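Please examine the structure shown below.

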Amino acid sequence: MEQTVEYAHATGALSGIWLLVAIPLASAAVLLLLGKRADKWGHWLGVLAVAASFVLGLVFFIQLGGLDAEHRSAELSMWDFITVGNLHVDFGLLFDPLSGVFVLLITGVGSLIHLYAVGYMEHDPGRRRFFGYFNLFVAAMLLLVLGNNYVMLYFGWEGVGLASYLLISFWYGRPAAATAGKKAFLMNRVGDTGLAIGIFIMFATLGSTQYSDVFNGVTALSGTTVLVLGLLLLLGAAGKSGQFPLQAWLPDAMEGPTPVSALIHAATMVTAGVYLIARSNHIFSANHTLQTVVVSVGAFTLLMGCIIGSAKDGIKRVLAWSTVSQIGYMFLGVGLGGGAYALAIIHLVAHGFFKANMFLGAGSVMHGMHDEEDIRRFGGLSKHMRWTWLTFMMGWLAIIGIPPLSGFFSKDPIIEAAYARGDWTSWLFGTAALLGAGLTAFYMTRLFVLTFHGPERYTEQNKHPHESPFIMTVPLMLLALGSIVAGFLLSRHSAIPQWLEPVTGEGEHDPVMPPAVISILVLVVSVAGAGLAWALFRKGTALQEQPAGAVVTAARRNLYTDAFNEAVFERPGIYLTRALVYLDNRGIDGIVNGIAAGVGGSSGRIRRLQTGFVRSYALSMLTGAVLVVGAFLAIQLGWLA
Amino acid sequence: MGDLKLPDIDYGALMPMLILFGAACVGILVEALVPRRSRHGVQLGLSFLAVVASFVAVIVAHGTRKITIGGAVAVDGPTLFLQGSILALGAVSLMLIGERSLERGGPFVSQAAVTVGSQKDVRQAGDQPGATEVYPLTLFALGGMLLFVSANDLLTMFVALEVFSLPLYLLCALARRRRLLSQEAALKYFLLGSYASAFFLFGVALIYGYAGGISLGAVHDAVANPQRSEILLYGGLALVAIGLLFKAALAPFHVWTPDVYQGAPTPITALMAACTKVAAFGALLRVLYVSFEGVRWDFQPVLGTVAVLTMLVGAVLAVTQTDMKRLLAYSSVANAGYLLVGALALNKEGLSSTMFYLVAYGFSVLAAFGIITLVRDADGEATHLSRWAGLGRKSPLFAMAFSFILLAFAGIPLTSGFTSKFAVFGAAVEGGQTWLVIFGVISSMLIAFPYLRVVVLLWLNEPGETTPTVSIPGFMTAAALTIGVLATFLLGVVPAPLIDLSQDAAQFIR
């Protein structure tokens, strides 16, 4: 890590990278500002904008590939964003292999989900508004990954947050949606504050927030500073990515429309934390303790997500907890450092495909089932929804890591890398990851079987499930294709590790067991988990929640994390607020109101001097004149001075 | 009998004034010779032409620094900057004055004896395009103001004071609606104005006794090199200052302001609030900076006290006003206080920031009064505050413009009110007058309340039965409003060009 970080200036076509952000932003502005006038064609504009960004992104990506590894980056300084004292922040963009991968994921998966949403939101009166927010999200997310300094990143970070809150509470008439939006907002504030303070520390210690300056300067910092800085960045990352201890908002965020869950809360935005850590790899690699913390957060969260996911009955809830858990894998990867950064990115991209696929599949199921979410009320849908079933199956096989689908190629190496950490923790983290794979297989199979197989357990109004229209199934097919081949293509000949090497550096592998043994173990554990679930839920399940043991009850209650938050943060917070309100009403307002009353009263009294009679005006002028002349003369005669 | 020596006259430097006075004389001839029907168009065109030509003459004369016409007139940076400001603000005022589409016959009428609403009144409103005498009167007033800011001796200054005051007294009396109120206002203004003029003249006499001359330079020399009793000096300075403080509406010489602002036809109120303020402060700056800089330590505390009193009186009394025009009158009083704070800095920044403030405030106040001319019901302008309740629902565009102007008055960033206050307060701190700034900030806080109360009234109250509608502005009012609001915004966002200009200009010639 002693090499200096330098980014080449953007040249040729690459100097147009700002268009990537500008196009969806302009489209969002049109959609949100034109109002009802854009209702008829607005959604197509939204789709077109993201698709255009994708095509451009592809062109830039190929351009970038043509550069040699030494200079494989394009930095574009557009204008001075903030210049105050010593603080200079560029409005600058950076297109390098890491941001390139993200751009393609965001715009590629984003285009498909936009297309799907045209069908999904067809009957919603707020469709234009929806696409406006959606485009806003894409623009902000692209800014997040394309910024060349931490302030730009923070700008995009808050932008995606805003879009996320707007979209979670898109159906703001529903109390649950409004509350979920609020929850997401509050929990993200905690993380965002951490990130902001982290950026302040960078400026205070390094005098810059520019990536190149920070990464080159970080080696000169003391270990403690790096640790604190890294922990703050990690807090920000955990907030955005729904990692422990800030995971509670993500499952609730499923109150938004399903395309939102797919794009923002599964495929892209929630991986921003992984991006942040991968981008800041120079900081995280500089401190071993820091890496251990990241790995621990990842490992803990991935197990937590699996356990809770096994006990949930809402189709989107299970997928949400599965997202939490899969991002745990990614955190595990980026925490391991070295070559594992690239592995985490592979898993991130692969996950983007299969999770978006399954979320959209879930949306398709709900579309045909009158918005029913409860998997206990599904069953046997494979007969009614062939395409949804087939595509969902690809996602299911991918996530549980059956070869040759993408999960196998992306998750397996992370588990291997966890076993290769180098000391006794290899066993701890490796085994956690292995156990997670088994649990993943269990709860995903449970979801799949209960939804698509077994006896039909429909409610009265859901007698006739139907397949969704083509505009929804075509994106599903494309995403399913992605779920099948993405992992293989990405890891073939170490394509991604080599591609990312200029950004993340190389890694060394030396696992405690031979890789082949680990692979086989993972496969065995996964198949066992899936088989167990198949055996248990093949015949359906109880329609009501059954009494269960302590572990299952805890899992149903999100491992009591919500209760913990309520007891430790919410209640004291409410009491503190009440005390402050009391103080404000009685103390501060008393003073303020007193002053206001004083001013008003004296105003009323002095006002009476304004009688309207010229004679009294003349008198007051004369008095004033006597006083002024008197004052001058008094000064002259030395009375006052 | 010795030879009469003609004084040296630089016509180029005097051109702005000559154009205005010449055009005003032509305007009187127009009144006599041009048929009634076409008089309005001719007068309006003539006035605009004169103001624009005069403005061009100011631009042509830029960079001039000389004392001409026998020491009576000094043309220097501040003169030209202030003359340019008066002309720019005057042009916008003319747009408001020239508006005839809001009301049959326009806002002015010169037949005092005709009862409002009588048959004769209606016939007259239909036949005549309103009192076109307002145009030559306005031009005379503007010409007098140009002379006032350039006067280099105290007598010329007095003449200029009368030249611009007399037309204003007349203009105040010409309101079509609420004629009695308007005439009363004019009479009050005239009486108190004459009273203040007497103070001024008496002060001039005392100073002549002290300095043996009345040119500002001679007074400066006498102050630097005292020969006679300083009682003459201080008495004279106090009385001259009082005359000027009266015109600038500083407490306790502000008492005429609310009555006159309320009674005068609104376009004339706008003219007074914008242009008269520039002229009065222009003369005050010149007198203080050129003649009396040597005794700054003596007059700073006295005039500082006046400034504090003005800021507090303006802010506190604004709180309980119920009439929009009176509210703006007190706001104008408070602003005069802020201007005096800048003027009392007595340094280059003080001069330039005061001049900048004058321009910024002038444009905002023109826009504010412009909007007041639009909020009308069957009886003319509805100026009572309660009538403005809920106007935001009925006419969001105008309520937005008015709110923006009020925020500017309150000194919210991104408006010229913020940049200009920041400039004068900054200059005062630099000039060692921090105590004035403290009072200035307190006063700003107080006066934000009445402004924000109006904003709340506009937006958060339900429109009542009696909420008037906002008339569609004619082209002229629309243009005036656009210019005012735009200037308020631009001077808040990119103030640098005008500040640079005022700093380049901030050097008096002695």
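In this predicted model, the secondary structure of chain B consists of 20 helices and five strands. Of the 510 residues in chain B, 61% are buried.

The largest nonpolar core has 211 residues, and Phe148(B), Cys172(B) and Ile242(B) have the most contacts inside it. Helix H11 of chain B, residues 266-291, supplies the largest share of this core, with 18 residues. What does Ile242(B) touch, leaving aside residues up to four places away in sequence? Ile242(B) is in contact with Ala196(B), Phe199(B) and Phe253(B), and also with Ala625(A) and Val628(A).

The axes of helix H10 (residues 258-267) and helix H15 (residues 340-368) of chain A come within 9 Å and cross at roughly 160°. Because angles over 145 degrees count as roughly antiparallel, H10(A) and H15(A) are therefore roughly antiparallel to each other. Their crossing is right-handed. In this contact, H10(A) contributes residues including Thr258(A), Pro259(A) and Leu263(A), while H15(A) contributes others, among them Gly352(A), Lys355(A) and Phe359(A). By type, the residues of the contact of H10(A) with H15(A) comprise 10 nonpolar, four polar and one charged.

Notes
Residues numbered from 1 in each chain as written. Chains lettered and ligands numbered in written order. Predicted model: local features only at pLDDT ≥ 70, side-chain atom pairs only at ≥ 80, totals over all residues. Helix = DSSP H or I, 4+ residues; strand = E, 2+ residues; numbered from the N terminus. Buried ≥ 20, exposed ≤ 12 C-beta atoms within 10 Å, placed from the backbone. Axes fitted to C-alpha atoms, helices over the stretch in contact; angles between N-to-C directions. Parallel < 35°, antiparallel > 145°, perpendicular 65-115°, else oblique. Left-handed = near helix turned anticlockwise from the far one by under 90°. Contact = placed C-beta atoms within 7 Å. Nonpolar A, V, L, I, M, F, W, Y, C, P; charged D, E, K, R; others polar. Core = buried A, V, L, I, M, F, W, Y, C linked by C-beta atoms within 7 Å.
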